[in-house]
Amino acid sequence: MPISLRTRVKRRVRPPAAVLRVIRLNNGFQLLFNLLWWMPVFYQYQKQAGLSDSQIFGIQSVYYVAFCLLEIPTGFIADRIGQRRCMQLGAAAMTAANLLPVASPSFAGFLAHFLAIAAARSLVSGASSAYLYEYLHEHGADEHYVQAEGTARALGLWAKIACWPLVGVLMHVRHEAPYVLTALSTLGSLACAAALPAIAAPLGGGQPPAERVGLLDSARQAAKVLGTSRSLGPLMVQGVAVFTLARICQVNLFQPLLL
């Protein structure tokens with residue numbers, strides 16, 4: 001059998017039941033965690049709460065800076081407490097974050113809301129992918145990772161297409177509905193994360209927790225690698241710039257057009 005055909009046949013093999021369960025839980029986690037019902041209307045929602053354009057976009061600027069700055073510290077946290085617990089912590093933080101605008105629809109409330117979202121997304125952004133990869137690797141199902149990761153992202157996009165057009169109608173029923181529904185969705189993602197099984201082996205098959213270096217030593221090693229690489233620093237800056245510009249174009253500049 002040709003190698004390419006053997007590869008296609010291998011990819012069609014159904015994963016074991018335990019692996020399939022984790023893939024489905026990850027699908028649910030990604031879908032519910034990222035289903036931000038308020039996303040299409042947050043600009044108008046904050047305008048109705050009395051915020052000016054400078055306040056609204058000032059909050060967004062703080063959010064992007066906070067998200068970028070929190071990526072590295074939350075990576076250290078994930079290495080210490082584990083990816084699964086980091087996902088649970090991120091989902092809990094996201095649930096609380098989406099209740100803040102309901103409790104305090106003010107500049108301070110929305111600023112705290114977006115700062116909490118930055119922390120939650122930083123906790124989850126790398127941990128969820130790392131957990132899925134490590135679990136599949138542990139069970140000899142590495143070949144299913146790319147498909148599983150892609151399917152989770154695709155389901156999240158389809159959910160947004162199906163749900164976001166309903167937000168305007170729901171706001172007429174109850175003004176806070178987008179934030180309440182988002183909190184309920186992220187609470188569901190917390191349930192999915194809580195149902196995920198623990199990974200027996202440490203990340204990457206490295207040292208056991210008792211032999212891991214301290215946080216400061218890890219930071220020094222990371223800084224040393226960054227200092228000795230000519231391409232890593234520019235690549236990181238490029239990634240941050242692309243992420244920020246893409247979000248500004250997709251979200252911030254689109255919001256006033258909805259009016």
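Select I59 first: leaving aside residues up to four places away in sequence, I59 touches Q46, L51, F107, F110, L111 and F114, where contact means heavy atoms within 4.5 Å. The model is predicted, so local features need pLDDT of at least 70 and side-chain atom pairs count only at pLDDT 80 or more, while totals for chains, interfaces and linings use all residues. Residues are numbered from 1 along each chain as its sequence is written, and side-chain values use heavy atoms, with hydrogens and water left out.

I59 counts as buried because its relative accessibility is 0% (buried is under 20% relative accessible area, exposed over 50%, partly exposed in between, with a 1.4 Å probe and protein chains only).

Among the buried residues of α4 are I56, Y63, F67 and F76. Move along to E71, where a kink of about 40° lies shortly before the proline P73; the bend is the angle between axes fitted to the seven residues ending there and the seven starting there. After α4 comes G82, with a positive phi near 100°.

Finally, show α2 (residues 17-33) with α9 (residues 145-163), whose axes come within 8 Å and cross at roughly 35°, the axes being lines fitted to C-alpha atoms over the stretch in contact and the angles running from 0 to 180 degrees between N-to-C directions. Residues in this contact include I23 and L31 of α2 and A148 and L155 of α9.

Note on methods:
Helices (H or I, at least four residues) and strands (E, at least two) are DSSP runs, numbered from the N terminus.
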